[in-house]
Amino acid sequence: MSPFFFILWGLLFSIIALLLSSAPSSSARVYPSHINVTCRDTCGAIPLKFPFGSGPGCGHPDFARYVECSAGVLQLSTATGLYAISSIDYSTSTLALSDPLMSTCSAMQNSGSFSLGRDSPFSLMPDNVFVLLGCSTTSPVYDQNEDLCDNGSRSRACRGLYSCKAVAGLGLRQNAPASTCCVYESPVGVGSGFRLDLPKLQCSSYSSIYGYGDDEGDPMKWKYGIALRYNGSYDSDTCKDCEASSGLCGYSGVKESFSCICRNGMNTSNNCLGRGYAWSGTMRIQVQTGRRLGVILLMSILLILRI
């Protein structure tokens, strides 16, 4: 038998072996089924950690329904509007909201209402002091049978806010009597399901204080905003394993199943070690190179046969 015959068969076997070795193994468990390049680990200056995410598919789905990063601002959505999240403390599972229409010692104007859904993973912190300003004398908050105003130590918040020059924005004079002010005690208490309905309460504005700073007597130094606690029980070993591999925890599919989102946008079911990175980078190059060499060898055989 001619040696030329064995050379041809050797080349054919080389092509088959090269193509088989360049194909990704099923045991690698790489599932390039969904690409997601929107997840980020920061929103503006706020670091994002699970269960928070930067948008749909990022973080935990229960949080993604309420929180989203828009134009570098992390926002919480409730039935009464969008509120910027100014800070998150992951060690205590708390965050602070800011409402641009909320009155402070620096600026006072008519405010909107505020609500927090009972089914959301957020609840009010007991440190919040809600102060209703410019209330009508017929407001239900003054109903003695309802006991909706705190006339105790927290009433200093009314005196402090009414000492600010900004009260002119509500049509009041500085140091006006605090009879139109109320430190609101919600009938449902703090926690989830909170609602502050200003039109119903017949008040012009509200302020929320979650800290008095270094000087309780100086309302300019108070911490204005709404402090919330979030459910921190969503963390899991699977998410920690994902984050340890430089991935971001998210979800995908109709069932919103857990997904580890790698930095290149590839989703995996556990972590990014040798999975998303390998398929989109090194492995893809190996596959392309192997196929090109196979084509070159095959064309060489065809040319030899025609000679």
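This briefing looks at the disulfides of the structure above. The model is predicted, so to speak of local features a pLDDT of at least 70 is needed, side-chain atom pairs count only at pLDDT 80 or more, and totals for chains, interfaces and linings use all residues. Residues are numbered from 1 along each chain as its sequence is written, and side-chain values use heavy atoms, with hydrogens and water left out.

**C135 and C203**
- C135 and C203 form a disulfide with an S to S distance of 2.0 Å, and its torsion of about 100° makes it right-handed.
- C135 sits in strand β9 (residues 129-135) and C203 in strand β12 (residues 203-211), so the bond ties together parts 68 residues apart in sequence; strands are DSSP runs of E, at least two residues, and helices runs of H or I, at least four, numbered from the N terminus.

**C149 and C182**
- The sulfur atoms of C149 and C182 are joined at 2.0 Å, and a torsion of about -115° makes this disulfide left-handed.
- C149 lies in the loop between β9 and α3 (156-162), while C182 is in strand β10 (residues 182-183), 33 residues apart.
- C149 and C182 are buried.

**C262 and C272**
- In this disulfide the sulfur atoms are 2.2 Å apart, and the torsion of about -110° makes the bond left-handed.
- C262 is buried at 3% relative accessible area, and C272 is buried at 1%.

Technical notes. Disulfide = S-S within 2.5 Å. Buried < 20%, exposed > 50% of the residue type's maximum accessible area, 1.4 Å probe, protein only.
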